[in-house]
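Let's walk through this fold in questions and answers. Grab a viewer and follow along.

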Amino acid sequence: MPDPIEFYFDFSSPYGYLAAETIDSLGERTGRRVDWRPFLLGAVFQETRGEPLLNIPMKGDYARHDLERSARLIGVPFVIPGSFPFMSVAAARAYYWMLDRDRAKAVDLAKTLFREAFGRGRDINSAAAVTAVCAHAGVDAEELAAALTDPALKQRVREEVEGAIAKGVFGSPLIIVDGETFWGHDRLDQVALWLERGGW
């Protein structure tokens with residue numbers, strides 16, 4: 001089996017949302033499994049001294065326009081949530097909790113959370129909001145609510161974030177395939193070509 005496509009993203013990343021809408025089809029076309037790996041940009045920003053893109057003068061204005069244009073190109077709805085930028089730790093915990101139970105359901109849950117935030121402009125920045133979204137998707141709300149406060153799950157997410165930083169993950173989305181790193185949803189075509197050609 002070839003190595004998977006490692007897909008690193010933060011649930012608060014609008015470009016991560018765009019990549020999430022297309023990366024599985026890329027994996028299918030290229031015969032690679034996609035490993036979805038949420039992390040927390042806030043922790044990365046402490047290392048890189050970065051800040052949310054939409055908060056940066058001029059760049060933020062461009063990004064808003066580019067996000068809307070890019071969403072139209074791939075045919076998905078796009079709305080900036082009113083609470084943006086938002087904390088995504090509860091969403092990341094929910095994903096890893098589900099991943100330990102059912103990988104396919106975890107990916108479906110990630111897509112549902114992304115679509116709630118950037119497809120509908122709704123809140124996923126709290127444990128209560130994440131639990132409500134997941135419950136609507138068929139997850140046991142009581143079980144998930146208890147899990148989100150579990151120290152073991154909190155530690156799991158910390159370790160995932162530390163592991164991402166150790167691998168050089170500095171932005172969202174970031175894709176690693178066969179040791180090659182690609183940053184940004186607009187690099188997915190390059191990822192596909194890299195896999196088809198065996199690099200260049």
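Q: Is strand β2 (residues 34-38) largely enclosed by the rest of the structure or left open, and how many of its five residues are buried?
A: Here buried means under 20% relative accessible area, exposed means over 50%, and partly exposed is in between, with a 1.4 Å probe and protein chains only. Strands (E, at least two residues) and helices (H or I, at least four) are DSSP runs numbered from the N terminus. Strand β2 is largely enclosed by the rest of the structure, because the number of its five residues that are buried is four.

Q: What sort of model is this, and which pLDDT does a side-chain atom pair need to count?
A: Residues are numbered from 1 along each chain as its sequence is written, and side-chain values use heavy atoms, leaving out hydrogens and water. It's a predicted model in which totals for chains, interfaces and linings use all residues, local features need pLDDT of at least 70, and side-chain atom pairs count only at pLDDT 80 or more.

Q: What is the strand order of the open sheet?
A: Strands of a sheet pair through backbone hydrogen bonds, either parallel or antiparallel. Two strands count as paired if DSSP finds at least two bridges between them. This open sheet has four strands and mixed pairing, and its order is β2-β1-β3-β4.

Q: Why is one side of β2 and of β4 (180-183) left without a neighbour in the sheet?
A: Both strands have a single partner strand, so one side of each has no neighbour in the sheet. The reason comes down to where β2 and β4 stand: at the edges.

Q: Which residue in the turn of the β3 and β4 hairpin has a positive phi?
A: β3 and β4 pair in the antiparallel sense over four bridges, and V177 stands opposite E180 in β4. The hairpin has two residues between its strands, and the one with a positive phi, about 50°, is D178.

Q: Is S70 buried or exposed?
A: S70 sits in helix α4 (residues 59-74). Leaving aside residues up to four places away in sequence, S70 touches L18 and H185, where contact means heavy atoms within 4.5 Å. Its relative accessibility is 11%, so S70 counts as buried.

Q: Which elements do the buried residues of α5 pack against?
A: Helix α5 (residues 89-99) is largely enclosed by the rest of the structure, because ten of its eleven residues are buried. Among them are R93, Y95, Y96 and W97. The elements they pack against are β2, α6, α7, α8 (141-147) and α9 (151-166).

Q: How many charged residues are in the contact of α5 with α9?
A: These two helices pack at an angle of about 100° with their axes 10 Å apart; axes are lines fitted to C-alpha atoms, for helices over the stretch in contact, and angles run from 0 to 180 degrees between N-to-C directions. That makes α5 roughly perpendicular to α9, given that 65 to 115 degrees counts as roughly perpendicular, under 35 as roughly parallel, over 145 as roughly antiparallel and the rest as oblique. A92, R93, Y96, W97 and L99 in α5 meet L153, K154, R156, V157 and E160 in α9. Counting Ala, Val, Leu, Ile, Met, Phe, Trp, Tyr, Cys and Pro as nonpolar, Asp, Glu, Lys and Arg as charged, and the others, Gly among them, as polar, the contact has six nonpolar residues, no polar ones, and a charged count of four.

Q: Which residues of α7 make the contact with α6?
A: Helix α6 (residues 103-119) and helix α7 (residues 127-136) pack at about 120°, with their axes 10 Å apart, and are therefore oblique to each other. From α6, the contact uses L109, T112, L113 and E116; from α7, the residues are V130, V133 and C134.

Q: Are α2 and α10 roughly parallel or roughly antiparallel to each other?
A: Helix α2 (residues 23-30) packs with helix α10 (residues 188-197) at an angle of about 15°, their axes 10 Å apart. I23, L26, R29 and T30 of α2 make the contact with L188, V191, A192 and L195 of α10. At that angle the two helices are therefore roughly parallel.
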